[in-house]
Amino acid sequence: MLPFALFSQGLLTNTGTRNITSLDGKWNYIVDPYENGYYNFHSEVFDQKNPTSTSAFYNNYHAKNKSELVEYDFDKSPTLVVPGDWNTQKENLFYYEGTVWYKKSFDYKLDENKRLFVYFGAVNYKADVYLNGTKLGVHEGGFTPFNFEITSTVKPQGNYLVVKVDNKRRIDAVPTVNTDWWNYGGITRDVTLIEEPVLFIQDYQVQLKKGDNTAIAGYVSLSNEVQNEKITISIPELKIEKEVQTSVDGKAQFEIDIASNTQNDLKYWSTESPKLYEVFINTSHQTLKDNIGFRTIETKGSDILLNGKSIYLRGISIHEEYKGHRATSESDALTLLTWAKELGCNYVRLAHYPHNEYMVRLADKMGLLVWEEIPVYWTIDFKNEATYNNAKNQLTEVITRDKNRACVIIWSMANETPLSEARNTFLTNLINYTRKLDDSRLISAAQLTRNENGIGIIDDKIGEYVDIIAFNEYMGWYGGDLATTPDAKWTTPYNKPIVVSEFGGSAKQGLHGNKDERWTEEYQEYLYQQNLLMIDKIPNIRGVSPWILTDFRSPRRVLPGIQDGFNRKGLISDKGKKKKAFFVLQDFYKKKKLQFD
Ligand code: GCB
């Protein structure tokens, strides 16, 4: 008998190629603003005080006879599609923020020597998960994956998986109560059952060794703490086959020297040629396959070096939104990234939280470099330890999920956070932690700047700790005169690469007028022309990711006839129509490509 912890909750990675059964589709739901299915009438939590109560919604109870009192019925309740936000599926849930219970019934015949997990791509914001009345656990954070083992809870027939989804905004949460995007609620990403052998490959890292482009290094970690398990890492195209053994913790470190093997001719992953190799991880119980690219990324003075060559990040910021709803599918991701390619981008900033895995998997294939970010946004509760742990957990989950993607080059810690000692401590702790978890990528944060005697100063203290200095500026929109914008001066004490992580202005697609008329396509076009002239003169400038690819919903944007609930800074409307500024940026990127490639 193998000594395994039955309720291991470590995150499974590369779920797409495991043995999976989708639970996507229609789920019954109950809207529960008073959390009546969670608390009894004296506000005691059912799953703590009286777990088998027939009033607790997770018990999915049905009256045994005609006289019994039961005040809910999932099977007679309406359905929502998973994955998806509830706001745009049901008109009466458009503004709803609170608890919605979801229920999915399924059958599953699990062989005795197998284990089963339920995996959620993401649930916004808080998920309490129950199977057949048993609580599996809780997850907080709306944009990262989590899983629970259900080996001992699942039955061959008549399982009911119930999720209490709560998207109420909270001061201490990550993000906090105030954001410039829609707080879409729901099970917003795929839900799958993952079947594994008793001893399985939990996670692995296969990347170029830090600071050495002639060695592939990493680890494989098994689900259980077993020693001397044989693991083979093979990359057939490179004729690599490396055998290693686990140590007591069930983990095996490895290093493969490529240079010593003369048959090998490693093709580095790049934006022009995003080569991915088939990588196989083998144990006596299982084989996992992944597609992995190998590249180096580092900075030197003001340069960002990809495979040793200086690059300019021709980027665009993107929200996980498509045509006015949360983007959920591979085809949504493909549409967004295809637009970025059409702009001439070699880079995307996935704002302001981790996007779904389709985005990074596609970016890997399409040759788009990626900035990934956690929702440490604006006025997070920096003094609160629980808030810090929450941010750290979200960061851990996204790094765990995406650490084998060559496209991901930057982990961003935060966006436009107000300066304070507490904030500096919070961010430097996150930075130090990230370097321990993944020392192979660059770290950044979108900062604010200050102005002295008409000169923009990029000197946020956090700049000392990051690899890339990124800042947002809104010349000609929230301030500044567009006519003189190209002459605006910037200075920084840091000898590091600088990227403008945001600039932009709003236009309603189809609205035309003079270049000084706000909301017109001409105003936005002029704003892009003037800002790009200025940006080109910023010292150490190595890239830009204007705000933003498409119009997106935001409750802060209420101007009738123009905004109507949308932030209109998109280069493309929420209906998919390009605005004039799209072509200004496209031209600029053509020039930058010639200059740097
Ligand atoms: C910003 C924020 C972004 C907003 C944008 C705007 O600086 O980082 O989340 O949406 O400005 O449109 O004001």
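**Figure 1. Glu-35 counts as buried, at 10% relative accessibility.** Buried means under 20% relative accessible area, exposed over 50%, and partly exposed in between (1.4 Å probe, protein chains only). The model is predicted, so local features need pLDDT of at least 70 and side-chain atom pairs pLDDT 80 or more, while totals for chains, interfaces and linings use all residues. Residues are numbered from 1 along each chain as its sequence is written, and side-chain values use heavy atoms, leaving out hydrogens and water. The partner of Glu-35 is Lys-168: their side chains form a salt bridge, 3.4 Å from N to O. Lys-168 sits in the loop between strand 9 (159-166) and strand 10 (191-197), and Glu-35 in the loop between strand 2 (25-31) and helix 1 (46-49), so the bridge ties parts 133 residues apart in sequence. Helices (H or I, at least four residues) and strands (E, at least two) are DSSP runs, numbered from the N terminus. Lys-168 is partly exposed, at 36% relative accessibility.

**Figure 2. Asp-180 and Arg-557 meet in a salt bridge.** The N to O distance is 2.7 Å. Asp-180 belongs to the loop between strand 9 and strand 10, Arg-557 to the loop between strand 34 (552-553) and strand 35 (566-567), so this pair ties parts 377 residues apart in sequence. Both Asp-180 and Arg-557 are buried. A salt bridge here is a side-chain nitrogen of Lys or Arg within 4 Å of a carboxyl oxygen of Asp or Glu. By this rule the model has 45 salt bridges.

**Figure 3. A salt bridge joins Lys-275 and Glu-237.** Their closest N and O atoms are 2.9 Å apart. The link spans distant parts of the chain, 38 residues apart: Lys-275 is in the loop between strand 15 (251-257) and strand 16 (277-282), Glu-237 in the loop between strand 13 (230-235) and strand 14 (240-245). Lys-275 is buried at 18% relative accessibility. Glu-237 is partly exposed, at 47%. Elsewhere, shared partners join Asp-290, Glu-357, Arg-361, Asp-364 and Arg-405 into one network of salt bridges.

**Figure 4. Glu-502 lies in strand 32 (residues 498-502).** Glu-502 is buried, at 4% relative accessibility. Its side chain makes a polar contact of 2.7 Å with that of Tyr-474. Beyond four places in sequence, residues in contact with Glu-502 (heavy atoms within 4.5 Å) include Ser-317, Arg-349, His-352, Glu-416 and Trp-547.

**Figure 5. Helix 3 (residues 357-366) is largely enclosed by the rest of the structure.** Seven of its 10 residues are buried. They are Glu-357, Met-359, Val-360, Leu-362, Ala-363, Asp-364 and Met-366. At the N-terminal end, Asn-356 is the cap, with a side-chain oxygen 3.1 Å from the backbone nitrogen of Tyr-358. Just after helix 3, Gly-367 has a positive phi of about 80°.

**Figure 6. Phe-106 is in strand 4 (residues 99-106).** Phe-106 is buried, at 8% relative accessibility. Leu-161 is 55 residues away from Phe-106 in sequence, yet their C-alpha atoms are 8.0 Å apart. Leaving out residues up to four places away in sequence, Phe-106 touches Leu-161 and others, among them Leu-23, Leu-131, Val-154 and Leu-193.

Figure 7. Most residues other than glycine have a negative phi, and most peptide bonds are trans. The bond from Val-82 to Pro-83 is cis, with omega near 0°. Pro-83 is in the loop between strand 3 (79-82) and strand 4. Asn-124 and Tyr-125 are also joined by a cis bond, with omega about 10°. Tyr-125 is in the loop between strand 5 (114-120) and strand 6 (126-131). Asn-228 has a positive phi of about 60°, and lies in the loop between strand 12 (212-222) and strand 13. Phi of Asn-307 is positive too, near 50°. Asn-307 is in the loop between strand 19 (303-306) and strand 20 (309-311), and is partly exposed at 28% relative accessibility.

Conventions
Polar contact = N/O pair within 3.5 Å; in protein donor to acceptor, adjacent residues only side chain to side chain.
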